[in-house]
Amino acid sequence: AYQRQGRAGLVSRMGRPPTGALGQFPAEIRDTVREMRETHSGWGPLTIRTELENDRRFAGKKLPSRPRIAAFLNQEEFTRKYERHTELPQARAEDPQHPHEEWEVDAQGVIKAAELGSVSIINISDLFSRLKVDSFPCLNTSHPSTPDYQLVLRRAFVHYGLPERISFDHDSVFYDNACASPYPTILHLWLIALDIQVRFIEQAPPAEHSVIERMHQTVTQQAIAGQTFVDGSMLQESLSDRLDFLNHCFPSRSLGGRPPLIAYPDAQHSGQPYRLEWEEAMLDLDRVYRYLAQGRWFRQVSAQGQFSLGSHRYGVGKDFADQTLEITFDPQTCELRCLSADGSRKTHLPVRGLSKSDLVGELSPLIALPAYQLALP
């Protein structure tokens, strides 16, 4: 049975032989349902069932139920194929017990700054100590990119060290939200290689990420409202100055009226040092391989025998055309293992985009900042 039909042949079939979704109804009803869907692609099972009830030809006759019509439409391939859903492995949501156990990272919605136009500010906040870790303005964009987030995170790492965990929302730069079985983004894998856990919030603010949402408002009021900036460096100077004030001087209601660094002096540094010139040596690709080995992805192959995973396009040949592949990662060979839906075909492909240079991206923007200096040997 497996040789003849693949996995489908191994499914247990109880009862009498199948006759099709509407096999117990006259051919006239089946033909009518088929014709309705062919001429009205937007009609669903409920609409078709209602149309049958209003059709004089079928007055007084037994009609198929909405679920049976839905099954017939699926059988006749009138419904689009859905990708199977899987979740990315991630760190559990836990209340932090000390500074730099979890940072919240997010970009504020676009604001209008005089002379600068549209600005999106990336903010980082420590969930436990309420420390305002960093604020970085991205000019002329409403959607900061992966290099933007890597830049501000590196700035924060240099100043405060590496955190244990970072939480994000489901924005596309953090999370592959276009697929039912998401593949981790470059930003996600880069953090894993640095031994930083990544967690995606499960509830919308204020149930989660309330601290970073509050920071957005505070930073805007403290550093931007009523001010005029001639260039990005002037805006950054204002942001840095106000963050220093908020962390050292401004009383926080949630900390009993104390500033974050007065309430928690040990928030000055996480104890996990970072230097830009150390980063390549700090990246451990085995951590990335172990993480990917936990995943499973489903992708539809095009008529040309190609599919996309992450930001890369792979070719598996026309033997797999129009099929759904089940994809896993082999940490020993660094290959993608691809299995056809019926289990009859499989192939292996070298994975792409996992070298250290792929994860590191562009380092020169941080080196060029006036506040950064390479360490002495």
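## Strands β11 and β12

Strand β11 is joined to strand β12, which covers residues 346-350, by antiparallel pairing over five bridges, in a model that is predicted. Within this pairing, the residue that faces Arg-337 is His-348, which belongs to β12. The two strands also make a hairpin with five residues between them, and in this hairpin Gly-343 adopts a positive phi near 75°.

## Strands β10 and β11

Strand β11, which runs over residues 335-340, also pairs with strand β10, made of residues 324-330, and here too the sense is antiparallel, with six bridges. One of the residue pairs to look for is Leu-325 with Ser-340, the latter being its bridge partner in β11. β10 and β11 form a hairpin as well, with four residues between the strands, and in its turn Cys-334 has a positive phi of about 55°.

## Helices α3 and α4

Two packed helices are described by the angle between their axes and by the distance between those axes. For helix α3 (residues 45-53) and helix α4 (residues 66-75), the axes come within 9 Å and cross at roughly 115°, and the crossing of α3 past α4 is right-handed.

Which residues of α3 meet α4? On the α3 side they are Pro-45, Leu-46, Ile-48, Arg-49 and Leu-52, while α4 contributes Arg-66, Ile-69, Ala-70 and Leu-73 to the contact.

Definitions and conventions. Residues are numbered from 1 along each chain as its sequence is written. This is a predicted model: local features need pLDDT of at least 70, side-chain atom pairs count only at pLDDT 80 or more; totals for chains, interfaces and linings use all residues. Side-chain values use heavy atoms; hydrogens and water are left out. Two strands pair if DSSP finds at least two bridges between them. Axes are lines fitted to C-alpha atoms, for helices over the stretch in contact, and angles run from 0 to 180 degrees between N-to-C directions. A crossing is left-handed if the near helix is turned anticlockwise from the far one by less than a right angle, and right-handed if clockwise. Contact means heavy atoms within 4.5 Å.
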